[in-house]
Amino acid sequence: MRSSTTVFFLFMCIFSFAQEKENLNSTTRKFISSADFTQVNKDWNVTADFRSGLGEQVSFFPVEAINLKTNQKMKSIQVNMNVKTDFMGKSKEYFKTSWLDLDEVEEFIQFIEQYVIPNLKDKTESKQSINYIFNSKEISFNFYIEKNTRRISIYLKDYGVIDNERYFWTESQVNKIPELLDILKKINGK
């Protein structure tokens, strides 16, 4: 009796942990992962791209995922990241995809309009900085200001955990944030 109670308790803990971990992903990732056959339509006419001097790139664009068995459809933003990492003289390219659900897109629009756009030309005093951070289930977007420098950093997440080793950043592309806002509004139907 005691061993079956222990086994049941362990099973419930594992199931609960797996369920909790799954809830940290976007609805879009869950939709695509749970379908046996999926079609993903991408609109390459509506994109916001950020590039670094190293040739790295992050692209935001609308997608529609279709479960081919049930014909259910889901729209969202796909975020593709292609970055390079250097470790001990060895360079590796890294590609990763994440998604922003439509409800998160609305929040991202608000964040950019209220906190980023009004501060695009801001400066800080010596030994001061400001960091505006937007977190969704699968991405973290940071807008950083220090003295005259402004930087965007984009991190993609695995089960809610930020991948601090592979991320994108740029200082030269900060002026493209209004383009990202326009794309997000088009995707969100505003």
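Trainee: Which elements does the protein have, and in what order do they run from the N terminus on?

Mentor: One begins with the count of elements and then follows their order. In this predicted model, the protein has 4 helices and 9 strands. Starting at the N terminus, the order is α-α-β-β-β-β-β-α-β-β-β-β-α.

Trainee: How many of the residues of the protein, as a percentage, count as buried?

Mentor: The protein has 190 residues, and 39% of them count as buried. Its exposed surface comes to about 11700 Å², of which carbon and sulfur atoms supply 51%. As for contacts with a separation of 6 or more, 51% are between residues 24 or more positions apart.

Trainee: Let us turn to the strands. How do strand 6 and strand 7 run, and how many bridges join them?

Mentor: Strand 6 and strand 7 run antiparallel and are joined by 7 bridges. As an example of facing residues, Ile130 stands opposite Ile145 in strand 7.

Trainee: What joins strand 7 to strand 8?

Mentor: Here 8 bridges join the two strands, again in an antiparallel arrangement. Ile139 has Leu156 of strand 8 as its bridge partner. Strand 7 and strand 8 form a hairpin with 2 residues between them, and Lys147 in that turn has a positive phi of about 55°.

Trainee: In what sense do strand 8 and strand 9 pair?

Mentor: They pair in the antiparallel sense, over 6 bridges. Lys157 has Ile162 in strand 9 as its bridge partner. The hairpin of these strands has 2 residues between them, and Tyr159 takes a positive phi near 50°.

Trainee: Are Phe60 and Phe108 buried or exposed?

Mentor: Phe60 counts as buried because its relative accessibility is 0%. Phe108 is buried too, with a relative accessible area of 0%.

Trainee: Why is the pair of Tyr132 and Phe143 stacked?

Mentor: Planes under 30 degrees apart count as stacked. The planes of Tyr132 and Phe143 stand at 20°, with ring centres 6.2 Å apart, so this pair is stacked. Tyr132 lies in strand 6 (residues 129-135) and Phe143 in strand 7 (residues 139-146), so the pair ties together parts that are 11 residues apart in sequence. Tyr132 is buried, with a relative accessible area of 18%, and Phe143 is buried at 0%.

Trainee: Which residues do ring pairs link into a cluster?

Mentor: The cluster consists of Phe50, Phe60, Phe108, Phe111, Tyr115, Tyr132, Phe134, Phe141 and Phe143. Both pairs discussed above therefore have their residues in this list.

Trainee: Where does the charged end of Arg151 sit?

Mentor: It sits over the ring of Trp169, 5.9 Å from the ring centre.

Trainee: Where is the place of Lys96, and what does its side chain contact?

Mentor: Lys96 belongs to strand 5 (residues 90-101). Lys96 counts as buried because its relative accessibility is 8%. Its side chain makes a polar contact of 2.8 Å with the side chain of Asp158. Leaving aside residues up to four places away in sequence, Lys96 touches Val79, Asn80, Met81, Leu156, Lys157, Asp158 and Asp163.

Trainee: Finally, which residues does Gln173 touch?

Mentor: Beyond residues up to four places away in sequence, Gln173 touches Asp49, Phe50, Arg51 and Ile152. Gln173 lies in the loop between strand 9 (161-170) and helix 4 (177-187), and it is buried, with a relative accessible area of 15%.

Terms used:
Residues numbered from 1 in each chain as written. Predicted model: local features only at pLDDT ≥ 70, side-chain atom pairs only at ≥ 80, totals over all residues. Heavy atoms only, no water. Phe/Tyr/Trp six-rings, centres within 6.5 Å; stacked < 30°, edge-to-face > 60°. Buried < 20%, exposed > 50% of the residue type's maximum accessible area, 1.4 Å probe, protein only. Lys NZ or Arg CZ within 6 Å of the ring centre and 35° of its normal. Polar contact = N/O pair within 3.5 Å; in protein donor to acceptor, adjacent residues only side chain to side chain. Contact = heavy atoms within 4.5 Å. Pairing = 2+ DSSP bridges. Areas by Shrake-Rupley, 256 points an atom, 1.4 Å probe, with all protein chains shown as cover.
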